[in-house]
Amino acid sequence: MQSSQGSTLPARPTAPAVQAHELTKTYPGDVTALSGMSLTVEAGTVFGLLGPNGAGKSTTVKILTTLARPDSGTAVVAGHDALSHPDRVRRAIGVVSQKSGADPMATGRENLQLQGRLYGLRGAELNRRVDELLERFDLAGAGKRQVKGYSGGMQRRLDVALGLVHRPEVLFLDEPTTGLDPEARTAMWDEIARLAGDEGLTILLTTHYLEEADRLAERIAIVDRGRVVVEGTPDALKGELRGDAVHLELRAPTQDTGPLEAALAGLPGVHEVLIDGRRISVRAEDGASAVPALLATLERAGAAVAAATVARPSLDDVYLRYAGRRFSEAEAAHDAPHAEFATAGGAR
Ligand SMILES: Nc1ncnc2c1ncn2[C@@H]1O[C@H](COP(=O)(O)OP(=O)(O)OP(=O)(O)O)[C@@H](O)[C@H]1O
Ligand SMILES: [Mg+2]
């Protein structure tokens, strides 16, 4: 606490809504899920935890929402210690898990009513809240239908509604749009943006869609192998990458990458050359003007080029730079159960 010598007390800075410090977690079988996960989410903001399959996003959410305990580290959520006062944290938060928690055999309305009762709502107040949420999530017409007949988008909207029944301060959304078609995804994005804007909710969402993080989150932490590799606003992260990203694809993988890397990196205006099999990524001060020299150098080295693209830095490039591998490769490396990681639409 700050003390004040003056006559007026300075406005007390709002405490962060979520603070995780050096969380570690190893699952049986020696699977390291978290290896020093630290993050801070300021109250009233949307924070995106972006990472490939197996990065540790859900484990982080489980610990912060008191559903799992870390091996070490601390977590404070909505002003309460998640390890010593999990009950207090639970009252202050809403959770939308990666897998739906709704009862498929019950109707949407029944699911919401049950959830409300769990949080102590009764009678007219409960009915009012349920009606309000059905309306708000465009489920008023479907409220009397069993959830098993809902579309993926409807089910996910119900999941979010379930997380909001007791008006939490902090909402955790674990992959809110994975598996949704583009239309349902866009609708969910609008809804999340509205929750954050109109209702001032603090939202921590996890995603493996670069575009989603770019669009919704004021701050992003890129996670890889159980820890944050870089954190900042989407623009600041992209701004750190000078110039353009040039991606070249070779017709065949090169064997002798060292000399080739050196030759490419020696070209004027070219830096950060990364060769990985058939793919070459280069950062260039001016991508378009660097391409001819890059192609000529490759030709001299006997490496035939199949394709070349020039792009402004994207979050994928940020990921590549900090994690040392491409997002999609990290997903594949984990033997992705849903190999639909997308930069679709270009996360620029
Ligand atoms: N209950 C568990 N038992 C054993 N290993 C687990 C368990 N839960 C997660 N893991 C492992 O811990 C690591 C992190 O998993 P986690 O679910 O936190 O990742 P994630 O970032 O949420 O991935 P995804 O994008 O696939 O949801 C992975 O290697 C995973 O296989
Ligand atoms: Mg997960």
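The following legends accompany close-up views of a predicted model.

**Figure 1. The two domains of the chain.** The chain is divided into domain 1, spanning residues 18-237, and domain 2, spanning residues 242-312. Their C-alpha centres are 41 Å apart. An unreviewed UniProt entry lists residues 18-250 under "domain: ABC transporter".

Figure 2. The shell around ligand 1 holds 13 residues, of which Tyr 27, Ala 33, Lys 57, Ser 58 and Thr 59 come nearest. Two elements, strand S2 (31-41) and helix H1 (57-64), each give two or more residues to this shell. Helix H1 gives the most, with 3 residues. By class, the shell comprises 8 polar, 4 nonpolar and 1 charged residues.

**Figure 3. The nonpolar cores.** The largest nonpolar core contains 72 residues. Within this core, the residues with the most contacts are Leu 64, Val 77, Phe 172, Ile 203 and Ile 222. Another core, of 15 residues, lies apart from it and includes Val 273, Ile 280, Leu 294 and Leu 298. In soluble globular proteins, nonpolar side chains tend to be buried together.

**Figure 4. The contacts of Val 77.** When residues up to four places away in sequence are left out, Val 77 touches Val 18, Leu 64, Ala 82, Val 89, Ala 92, Ile 93 and Val 170. Val 77 and Leu 64 are both among the residues with the most contacts inside the largest nonpolar core.

**Figure 5. Two residues with positive phi.** Glu 22, although not a glycine, has a positive phi of about 50°. This residue is placed in strand S1 (residues 18-27). Because 14 other C-beta atoms lie within 10 Å, Glu 22 is partly exposed. Thr 66, also a residue other than glycine, has a positive phi near 70°. Thr 66 is found in the loop between H1 and strand S4 (72-77). With 20 other C-beta atoms within 10 Å, Thr 66 is buried; the count at which a residue is taken as buried is 20 or more.

**Figure 6. The loop that holds Ala 252.** Ala 252 is found between strand S11 (244-250) and helix H9 (257-265), in the loop that links them. Ala 252 counts as exposed because it has 11 C-beta neighbours inside 10 Å, and a residue is exposed at 12 or fewer. Ala 252 and Arg 279 are 27 residues apart along the chain, and their C-alpha atoms are separated by 9.3 Å.

Note on methods
Residues are numbered from 1 along each chain as its sequence is written. Chains are lettered from A and ligands numbered from 1 in the order in which they are written. This is a predicted model: local features need pLDDT of at least 70, side-chain atom pairs count only at pLDDT 80 or more; totals for chains, interfaces and linings use all residues. A residue is near a molecule or strand if its C-beta atom, placed from the backbone, lies within 6 Å of it. Helices (H or I, at least four residues) and strands (E, at least two) are DSSP runs, numbered from the N terminus. Ala, Val, Leu, Ile, Met, Phe, Trp, Tyr, Cys and Pro count as nonpolar, Asp, Glu, Lys and Arg as charged, and the others, Gly among them, as polar. UniProt positions are given in the numbering used here, feature names are shortened, and annotations may be inferred rather than shown by experiment. Domain bounds come from an automatic or database domain assignment. A nonpolar core is a set of buried Ala, Val, Leu, Ile, Met, Phe, Trp, Tyr and Cys residues joined through C-beta atoms within 7 Å. Two residues are in contact if their C-beta atoms, placed from the backbone, lie within 7 Å.
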